[in-house]
Every structure is written in structure tokens, then in C-alpha cells.
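Here is a short report on one protein chain. Please look over the sequence and the model first.

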Amino acid sequence: MSTKTTNEFGGEFGGITLLGKAHSLSALFIVLLRALIGGMILFAGLGKVTEWPFDAAGYLANVDPASPVSGLYAAMASMPALMEVVNVVVPFTQVLIGVALIAGAFVRLAALGGAIQMTMFYLGGWAGEFLALFDSTLIYAAVFLTVAAFGAGRILGLDAYIERIEVGGMPLVERFPAARYLLG
């Protein structure tokens with residue numbers, strides 16, 4: 001692999017055109033980042049599944065009062081039916097997100113799910129301190145969004161193949177353009 005080739009990328013944001021040149025190793029880096037963040041959330045989910053039953057109620061009920069979601073999380077913890085759903089959804093979505101990211105399938109959807117979970121954990125763990133603004137869970141959320149933004153599933157991932165699946169004689173993403181927001 002040549003390390004001297006560059007790839008252009010860019011877009012327009014708020015009327016400002018942003019252009020850049022990525023080094024050819026950038027593609028390898030984004031694949032590694034996708035696999036690392038996928039492995040991190042996969043093993044977090046597997047840890048919850050193997051130590052079944054998972055119970056989020058204690059975490060939700062004991063969020064620091066300074067957190068902007070303390071009242072919401074306490075209310076959620078007090079609803080047994082909702083907690084039954086949360087206790088299944090959190091670990092199993094973590095496993096699914098991890099597998100999807102490692103395989104490079106439905107990467108944007110999976111990365112968005114990971115970013116949402118990390119943001120929810122971040123808000124629940126925030127005690128109102130200024131330096132806590134840079135907690136690792138917020139960094140994880142940013143990494144998930146980076147993986148999604150770079151279309152990391154198209155690089156050594158299944159999304160490159162899924163997008164080309166023929167549906168009615170057309171590639172999937174041409175037949176259903178909205179699929180581009182889930183794949184990549």
C-alpha cells in the first residue's frame with residue numbers, strides 16, 4: 001500500500017466550504033477505530049449479558065442531583081415495567097452495535113446508537129463539575145460519530161457490499177436513497 005497517496009474530502013457547513021486531504025493511512029486508521037470502538041461496546045454488552053440479570057435501576061436511581069437528567073432517570077428507575085425493557089435493551093443493543101461495527105454493517109445506524117448510549121451515560125454521570133465536561137463517555141460518543149461521519153463501513157466492511165445488493169434491478173442505495181444514512 002502506498003503511503004504517499006492522499007484522498008480529498010470535504011463538504012459545506014453553514015455556507016463555509018471545508019476541504020482537506022487525508023493521508024492514505026487514514027482509511028486504515030478509521031477501520032481500526034471502528035473495530036476498537038466496536039470491540040469496546042461489544043465487550044461492555046457481553047459483560048452485562050454474562051452477568052445476567054443486568055439491572056440498571058440502581059444506576060438510574062442514584063444519579064447525582066446536579067445531572068440534568070437526574071429527575072428523568074429517577075422517574076425511569078421507579079417504573080418496574082420500563083426497567084424490564086431497559087434491562088434487556090441496553091446490553092443487547094450494545095452487543096448488536098459492537099458486532100455491526102466490527103463487521104462494518106449498518107455502521108452509521110450502529111454508531112448513532114452507540115453515540116446515543118454514551119451521551120445518556122455521560123449525562124447520567126455528570127456531577128456538574130466543569131472538568132467533567134470532558135468525561136471519557138463523551139469522548140466515546142465523539143468517536144462513534146466520527147466513525148459514522150467517515151462512512152467507515154465502506155472500508156473493509158460489509159456496508160460496501162450491502163449498498164450494491166440489487167433490489168428491483170437497481171443497487172439498494174439507488175433504489176432507497178435513505179439507506180445511505182444507515183449504511184456507510
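## Packing of helix α1

In this predicted model, the buried residues of α1 pack against α4 (80-103), α5 (107-125) and α6 (136-149). Contact means heavy atoms within 4.5 Å. Buried means under 20% relative accessible area with a 1.4 Å probe, counting protein chains only. Among the buried residues of α1 are Ile-30, Val-31, Leu-33, Arg-34 and Ile-37. Gly-38, Gly-39 and Gly-45 are also on that list.

Helix α1 covers residues 25-50. Its 26 residues should span 38 Å at 1.5 Å a residue, and the end C-alpha atoms are 37 Å apart, so the two values agree. The expected span is 1.5 Å times one less than the number of residues.

## Chain overview

The chain has 8 helices and 4 strands. These are DSSP runs: H or I of at least four residues for helices, E of at least two for strands, numbered from the N terminus. The order is β-β-α-α-α-α-α-α-α-β-β-α. Of 184 residues, 35% count as buried. The C-alpha atoms fill a box of roughly 55 × 40 × 30 Å along the principal axes.

## Annotated spans

An unreviewed UniProt entry lists residues 25-46, 66-83, 95-118 and 138-156 as "transmembrane region". Such annotations may be inferred rather than shown by experiment. Residues 66-83 are 67% helix, with end C-alpha atoms 23 Å apart. Residues 95-118 are 88% helix, with end C-alpha atoms 14 Å apart.

## Basis

Residues are numbered from 1 along each chain as its sequence is written. Local features need pLDDT of at least 70, side-chain atom pairs count only at pLDDT 80 or more, totals for chains, interfaces and linings use all residues, and side-chain values use heavy atoms, leaving out hydrogens and water.

Conventions: Buried means under 20% relative accessible area, exposed over 50%, partly exposed in between (1.4 Å probe, protein chains only).
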